[in-house]
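Trainee: I have a model open and want to go through its local geometry. Can we take it question by question?

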Amino acid sequence: MLNFTVITLFPAMLESPLGHSILKKAREKGLLSVRVVDLRDYATDRHRVTDDYPYGGGQGMMMKPEPLIAAIEDARKQLKRPRVILLTPQGRAFDQKEAEKLSREKEVVLICGRYEGVDERVKSFIDDELSIGDYTLSGGEPAAMVVIDSATRLIPGVLGNEKSAQEESFSEGLLEYPQYTRPEEFRGMKVPEVLLSGDHDRVKKWRREMSLKLTRERRPDLFRKAQLTPEERKSSGANPLRLYVALLHYPVYDKNGQVVTTAVTNMDIHDIARAARTYGVKRFYVVTPVKALQRLALKIITHWEQGYGSQYNQSRKEALALARLKDTLDDVILDIEQECGSKPQLVVTSARPGGKRTSFTELREMIIKDVQPFLLLLGTGWGLTDTVLAQSDYLLEPIDGGTDYNHLSVRSAAAIILDRLLGK
């Protein structure tokens, strides 16, 4: 049995949803127990006050620590080893995987926040914080019902058909395929022929294809994480790679070891953009804080994207379309985070000896298999500064030509690195 304890200022809000449908049946079967606790029972004054003004000023009221902590401590005394969760916009995103974890718990305490939130000191008495989405609710009660419902339906025996939970949306990280029932035709809209064929293999294939199609169109964030077969990835046109490249002109060293800003060159932009397009790189960033150099780079890019060059050489236009200008490395990281929903893993290159190195083979495997984005940093001048190297997650092994000469141009190095990481 899964035992929920819900601490709330409004117990009546949970009565109706708990008394109907799946949740009612789960309770009747003895598979679910929900105890609703009125937070005001733990207030110590005659008016049963549970909120107060925030220190430092601001709008709204805060939930006081004393009643909340008293309720949490009392719940822990009555239970064996409960998992205590605060429902708050600041929490980790609640998803299907988290619901599956909760369905395997024995005891869970849910704290429903209200007003402008809870006193920060309350968080020292909880185990976790969860959020059901990026929007604002009046309180945590609707969130508590979402958590209870999604976890309960995954408990064996709750649903009449055990396969129902397995085939629903998000169970495999994808949206569910379209469903139809009688009649076969309604107002000119017909049930797809494949579903009437009786051919179970065809039906299974169609459902998988439709699930992939819907997920890609409506939830590209989920589609990027989906476990696809090579055939599915190829047929869907999905790019499994989330590799970005940034060419840094600052901060880099000159030959005297001084931190400088290097010049932007036409050849670097052209050749690295063409290599990036050849190997399926997501985007190529040119990074310089100097406005005059930015204008030069923009002039080069615009010529091939929109000017005469776009008509003269279509393939060059396609390559330069990957290029973006940014002032700093932080700007690049933020841009990728906004697109992907997570910060990129930083991969740096350096011809200088020393440091723990990651091999091309190891990084290649990570890029292909991992969900998170990767950002490959290329340094101009005499290489990336130690400050940039210290920020990195991976230091790539150096390119070794087998001679005592070690002075490749950055565009040559970029082509070699991309071929070793992404080439067939």
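Trainee: Is Arg 187 buried or exposed?
Mentor: This is a predicted model. Arg 187 sits in the loop between strand 8 and strand 9 (189-190). The cut-off for exposed is over 50% relative accessible area. Arg 187 has 75%, so Arg 187 is exposed.

Trainee: What is the phi of Tyr 115?
Mentor: Most residues other than glycine have a negative phi. Tyr 115 is not a glycine, yet its phi is positive. Tyr 115 lies in the loop between strand 6 (107-112) and strand 7 (128-131). The phi of Tyr 115 is about 55°.

Trainee: Which residue does a cis peptide bond join to Arg 182?
Mentor: Most peptide bonds are trans. Here omega is about 5°, and the bond is cis.

Trainee: How do the directions of helix 11 and helix 18 relate?
Mentor: The axes of helix 11 (residues 266-278) and helix 18 (residues 410-422) are 9 Å apart, at an angle of about 5°. Angles under 35 degrees count as roughly parallel. Helix 11 and helix 18 are therefore roughly parallel.

Trainee: What span should helix 8 have?
Mentor: Helix 8 covers residues 200-218, which makes 19 residues. The expected span is 1.5 Å times one less than the number of residues.

Methods
Residues numbered from 1 in each chain as written. Predicted model: local features only at pLDDT ≥ 70, side-chain atom pairs only at ≥ 80, totals over all residues. Heavy atoms only, no water. Axes fitted to C-alpha atoms, helices over the stretch in contact; angles between N-to-C directions. Helix = DSSP H or I, 4+ residues; strand = E, 2+ residues; numbered from the N terminus. Parallel < 35°, antiparallel > 145°, perpendicular 65-115°, else oblique. Buried < 20%, exposed > 50% of the residue type's maximum accessible area, 1.4 Å probe, protein only.
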